[in-house]
Amino acid sequence: MTRKNFRTLSHLLLPLMLFSGSAKADAPRVVADIAPIHSLVSMVMDGVGQPQLLVPQNISPHHYSMRPSEAEALQEAQLVVYVGHDMSPWLEPVLQTLAASASALDLSNVDNVMQLSYRKGPIFGDHDEAGHDDHNHAHHNHAGVDPHMWLDPINAKLWLYAIAAELIRIDPENEDRCNENARSSGRAITLAMAQAEDHLASSNSNGFLVYHDAYQYFEQRFNRGAVGTISAGDASKPCAKRLSELKTLFGARGISCVLTEPQHSSKIVDSVFGGFKPTIGVVDPIGVDLELGSSLYPQLLENMALSIAQCVNP
């Protein structure tokens, strides 16, 4: 290429480069707390911009110390989207300082979102005992509410429109795109639900044990129920009495499946239930190994259904 042609090409490309940089700079600056929420925001922002993930996929969001880059993202954010106080109690005080000028969308406060109370004890009763919170309850009184609300895909579909509304408020020029993205993303979630139901339809209805009580939104939506939980919480170790009760339950009901998570060792399962030779499955409610972005959430639903189906009916 001659020097003259190179200069001509440069003159042609420069406006495009400047336009591209301007469009990127003008994109809404959005932060999402965890990977499934980041995926939903990415769906709505398709063609508009990319949100930033606050808590890395392989780290528990319950207790997290942010890195400088994540604190900087909050400082620059126009919108922060998060599940709610019960998922990340440390986040709201941080938002009041680092992200004081940003809008904060607490998804647990969105109208008509299903909320369930935590189940009690190592052995669960009927689903009705878990109890649905009244949709008209005081949203700020979240004591005892299970924060894993994204595992009900109907909640996720409601959130798409709440996210779109917030994005349109800070970026009205992209109103049509955000609304269409919310509609098309809702259809994608509906398709993922159908595929999840297909996976589960081929499995039997035997109950299963879970490592900790994080899946009841998914269980109720897809009519598959855990019978108990090994650990009382995400970060707690089960006591001997709890394990003894579960072992008795395991033998009495003929349970053959125990579901762990990628970050939890199966040593406890092997040591306590090894005599029953259970199938040990791995179910991932966050999407630890999935590619970050708009496809993560639908894939998360399908993967969870497939993990449960393969465990209860190997």
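Val30 has Leu79 as its bridge partner in S3, and this pair belongs to the contact between strand S1 (residues 30-32) and S3, which run parallel and are joined by 3 bridges. The model discussed here is a predicted one. Its chain of 314 residues, of which 50% count as buried, has a secondary structure of 11 helices and 8 strands. Among the contacts in the chain with a separation of 6 or more, 66% are between residues 24 or more positions apart.

**The sheet that holds S1 and S3**

- The pairing of S1 with S3 is part of an open sheet of 4 strands, arranged in the order S2-S1-S3-S4 with parallel pairing.
- Strand S2 (52-53) and S4 are the edge strands of this sheet, each of them pairing on one side only.
- S1 is joined to S2 by 2 bridges, again in a parallel arrangement, and here Val31 stands opposite Gln52 of S2.
- Helix H2 (residues 35-44) packs on the sheet and touches S1, S2 and S3, with a direction that makes about 145 degrees with that of S1.
- Helix H4 (residues 91-98) also packs on this sheet, where it touches S3 and S4, and its direction makes about 180 degrees with that of S3.
- S3 pairs with strand S4 (residues 103-106) in the parallel sense over 4 bridges, and within this pairing Tyr82 has Asp106 as its bridge partner in S4.
- Along strand S3 (residues 79-82), Leu79 and Val81 point one way while Val80 and Tyr82 point the other way, and all of them are buried. This can be read against the general rule that side chains in a regular strand alternate between the two faces of the sheet.

**How helix H2 is enclosed**

- Helix H2 is largely enclosed by the rest of the structure, because 10 of its 10 residues are buried.

- Strand S5 (residues 208-212) pairs with S6 in the parallel sense over 4 bridges, and Leu209 stands opposite Gly228 in S6.
- S5 is largely enclosed by the rest of the structure, since 5 of its 5 residues are buried.

- Arg221 is found in helix H8 (residues 216-222).
- Why does Arg221 count as partly exposed? Its relative accessible area is 33%, and the partly exposed class lies between the limits of 20% for buried and 50% for exposed.
- When residues up to four places away in sequence are not counted, Arg221 touches Asp152, Pro153, Ile154 and Met193.
- The C-alpha atoms of Arg221 and Leu151 are separated by 8.7 Å, although these residues are 70 residues apart along the chain.

**The second largest pocket**

- The second largest pocket holds about 200 Å³ of space.
- Its lining consists of 18 residues, and those that lie nearest its centre are Ser60, Pro61, Glu261, Gln263 and Ile286.
- By class, this lining is made up of 8 nonpolar, 7 polar and 3 charged residues.

Notes
Residues are numbered from 1 along each chain as its sequence is written. This is a predicted model: local features need pLDDT of at least 70, side-chain atom pairs count only at pLDDT 80 or more; totals for chains, interfaces and linings use all residues. Side-chain values use heavy atoms; hydrogens and water are left out. On a 1 Å grid over the protein atoms alone, a cavity is a set of points where a 1.4 Å probe fits but cannot get out, and a pocket is an open set with protein on both sides within 12 Å along at least five of seven lines; lining residues have an atom within 4 Å of a point. Grid points are joined across faces, edges and corners, and a volume is the space filled by probe spheres set on the points. Ala, Val, Leu, Ile, Met, Phe, Trp, Tyr, Cys and Pro count as nonpolar, Asp, Glu, Lys and Arg as charged, and the others, Gly among them, as polar. Two strands pair if DSSP finds at least two bridges between them. Buried means under 20% relative accessible area, exposed over 50%, partly exposed in between (1.4 Å probe, protein chains only). Contact means heavy atoms within 4.5 Å. Axes are lines fitted to C-alpha atoms, for helices over the stretch in contact, and angles run from 0 to 180 degrees between N-to-C directions.
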